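User: I would like to learn how to read some features of a structural model. Please take them one at a time.

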Amino acid sequence: MRISEIYETHPAGSDEFVAAVQAHCAYDISDDEIRRISGRAMSGEAFDYHWSAESWWKDESQPKG
């Protein structure tokens with residue numbers, strides 16, 4: 001299943017969405033990172049863009065505390 005199919009099948013950011021991304025995509029990112037990206041990305045293409053071209057979504061980019 002591709003990221004675009006996951007967007008068509010599950011609500012973005014839902015537990016089912018996150019599980020499908022973890023099971024079917026090779027992003028090697030945390031559940032929280034998936035939720036951060038899917039909170040802004042409205043499509044599979046946008047998800048791919050944020051994942052590959054930006055770093056704001058990474059766990060280590062989040063404020064501590």
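User: Is Phe47 buried or exposed?

Analyst: Buried means under 20% relative accessible area, exposed over 50%, and partly exposed in between, with a 1.4 Å probe and protein chains only. Phe47 has a relative accessible area of 0%, so Phe47 is buried. This is a predicted model, in which local features need pLDDT of at least 70 and side-chain atom pairs count only at pLDDT 80 or more, while totals for chains, interfaces and linings use all residues. Residues are numbered from 1 along each chain as its sequence is written, and side-chain values use heavy atoms, with hydrogens and water left out.

User: How is a pair of aromatic rings described?

Analyst: A pair of aromatic rings is described by the distance of the centres and the angle of the planes. Rings of Phe, Tyr and Trp (its six-membered ring) pair if their centres lie within 6.5 Å; planes under 30 degrees apart count as stacked, over 60 as edge-to-face and the rest as tilted. The structure holds five aromatic pairs. In one of them, the ring centres of Tyr27 and Phe47 are 5.0 Å apart and the planes stand at 50°, so this pair is tilted. The two residues are 20 apart in the chain, Tyr27 in the loop between H2 and H3 and Phe47 in helix H4 (residues 44-53). Helices here are DSSP runs (H or I, at least four residues), numbered from the N terminus.

User: What kind of pair do Tyr27 and Trp51 form?

Analyst: The pair of Tyr27 and Trp51 is edge-to-face, because the planes are at 70°, with the ring centres 4.9 Å apart. This pair also links distant parts of the chain, as Trp51 is in helix H4 and 24 residues from Tyr27. Tyr27 is buried at a relative accessible area of 10%, whereas Trp51 is partly exposed at 31%.

User: Which residues do the ring pairs link into a cluster?

Analyst: The cluster consists of Tyr7, Phe17, Tyr27, Phe47 and Trp51.

User: How are two packed helices described?

Analyst: Two packed helices are described by the angle between their axes and the distance between the axes. Axes are lines fitted to C-alpha atoms, for helices over the stretch in contact, and angles run from 0 to 180 degrees between N-to-C directions. Helix H2 (residues 15-24) and helix H3 (residues 31-40) have axes that come within 10 Å and cross at roughly 115°. That makes H2 roughly perpendicular to H3, a term for angles of 65 to 115 degrees.

User: Which residues meet between H2 and H3?

Analyst: Contact means heavy atoms within 4.5 Å. From H2, Asp15, Phe17, Val18, Val21 and Gln22 meet Asp31, Ile34, Arg35 and Ser38 of H3.

User: Where is Ser43, and how far is its C-alpha atom from that of Tyr7?

Analyst: Ser43 sits in the loop between H3 and H4 and counts as partly exposed at 23% relative accessibility. Its C-alpha atom is separated by 6.4 Å from that of Tyr7, 36 residues apart along the chain.

How values were computed. Angles under 35 degrees count as roughly parallel, over 145 as roughly antiparallel, 65 to 115 as roughly perpendicular and the rest as oblique.
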